[in-house]
Amino acid sequence: MNREIFMEQLAGLLVRVPSEERDEALQYYENYFNDAGEEKEEEVIKELVSPEMVAFTIMDDLGVSREIPPAPEKKMENQPMPEEKKASAGITVLLILTSIIWVPFLFATWIVCISLIFSVAVVIFSFGLTALICIFVGFAVAFSGIVQFFVFPAYGMIAIGGGLITSAVGFLFVLFVVLISRYVMPLTAKLFKLSTTLPGKVWEGIK
């Protein structure tokens, strides 16, 4: 604590003392600090103990009650509601009244998003499984054609060609799965996330 804080607290504690005596007391301690000098400020504060002790001594000498009156409470009844709170209250009431419309819509959006995610997952799994089967069968037929080529060249060429075409179809399915996983799935997930976080964002904006 320094001199400035000490005197400020002392002045606040002497609110019940008449103004003339209060000014004299404060001036007395200002002079006391001045006489001691800035280098002995801490010693003076220790000597005086605390602003409370000094204030109580002054009040006792003047016969003033030590009780400090509480600050008057502010009446809130007649104070007008801020415009921002009025707007927030109006929007809240509007949302409650229109909830019969937007709550079912939001719920339907969630159901649609979940259905889309499930459908996309099924499509990815189906095409991925089909791709693996096509690639495996294609390579198997092509390998069989290579073996048969030395015995029945015509059959071997047909088998090799059919196997390679089947494998190529499998790789096309793989490409399709990659495209769905890269673009469609994240877009669906973002839509679902937006539908779940939108009410919270709206509420935070109102508050």
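In this predicted model, Ile146, Phe149, Phe150, Val151, Phe152, Tyr155 and Met157 make up a nonpolar patch on the surface, and their accessible area together is about 790 Å². Patches consist of residues with over 30% relative accessible area and no salt bridge, with nonpolar side chains (Val, Leu, Ile, Met, Phe, Trp, Tyr) joined within 5 Å and like charges joined within 9 Å. A salt bridge is taken as a side-chain nitrogen of Lys or Arg within 4 Å of a carboxyl oxygen of Asp or Glu. Accessible areas were computed by the Shrake-Rupley method with a 1.4 Å probe, and for residues only the protein chains shown count as cover. Residues are numbered from 1 along each chain as its sequence is written. Because the model is predicted, local features need pLDDT of at least 70 and side-chain atom pairs count only at pLDDT 80 or more, whereas totals for chains, interfaces and linings use all residues; side-chain values use heavy atoms, with hydrogens and water left out.

Helices α6 (99-149) and α7 each contribute at least two residues to the nonpolar patch. Tyr155, a residue of helix α7, is partly exposed at 46% relative accessibility. The classes used here are buried (under 20% relative accessible area), exposed (over 50%) and partly exposed (in between), for a 1.4 Å probe and protein chains only.

The chain holds seven helices and zero strands, and its elements run α-α-α-α-α-α-α from the N terminus on. Helices (H or I, at least four residues) and strands (E, at least two) are DSSP runs, numbered from the N terminus. Of the 207 residues in the chain, 22% are buried.

Five aromatic pairs were found in a search of the whole structure. Phe6 and Phe33 form an edge-to-face pair, with 5.9 Å between centres and 70 degrees between planes. Phe6 belongs to helix α1 (residues 3-13) and Phe33 to helix α2 (residues 19-36), so this pair ties together parts that are 27 residues apart in sequence. Phe6 is buried, at 0% relative accessible area, and Phe33 is also buried, at 2%. The pair of Phe149 and Phe150 is edge-to-face because the ring centres lie 5.8 Å apart and the planes stand at 80 degrees. Phe149 is partly exposed at 32% relative accessibility, while Phe150 is exposed at 71%. Rings of Phe, Tyr and Trp (its six-membered ring) count as paired if their centres lie within 6.5 Å; planes under 30 degrees apart are stacked, those over 60 edge-to-face and the rest tilted. One aromatic cluster is formed by Phe127, Phe173 and Phe176.

A surface patch of negative charge comprises Glu38, Glu39, Glu42, Glu43 and Glu47. Asp and Glu are counted as negative and Lys and Arg as positive, with His and the chain ends not counted. The place of a charge is taken as CD of Glu, CG of Asp, NZ of Lys or CZ of Arg. Glu39 is located in the loop between α2 and α3 (41-48) and is exposed, with 67% relative accessibility.

Lys46 is part of helix α3 and is exposed at 67% relative accessibility. The C-alpha atoms of Lys46 and Met1 are 9.9 Å apart, with the two residues 45 apart in sequence. Ala168 is situated in helix α7 (residues 153-206) and is partly exposed, with a relative accessible area of 39%. Between the C-alpha atoms of Ala168 and Gly138 the separation is 8.1 Å, for residues 30 apart along the chain.
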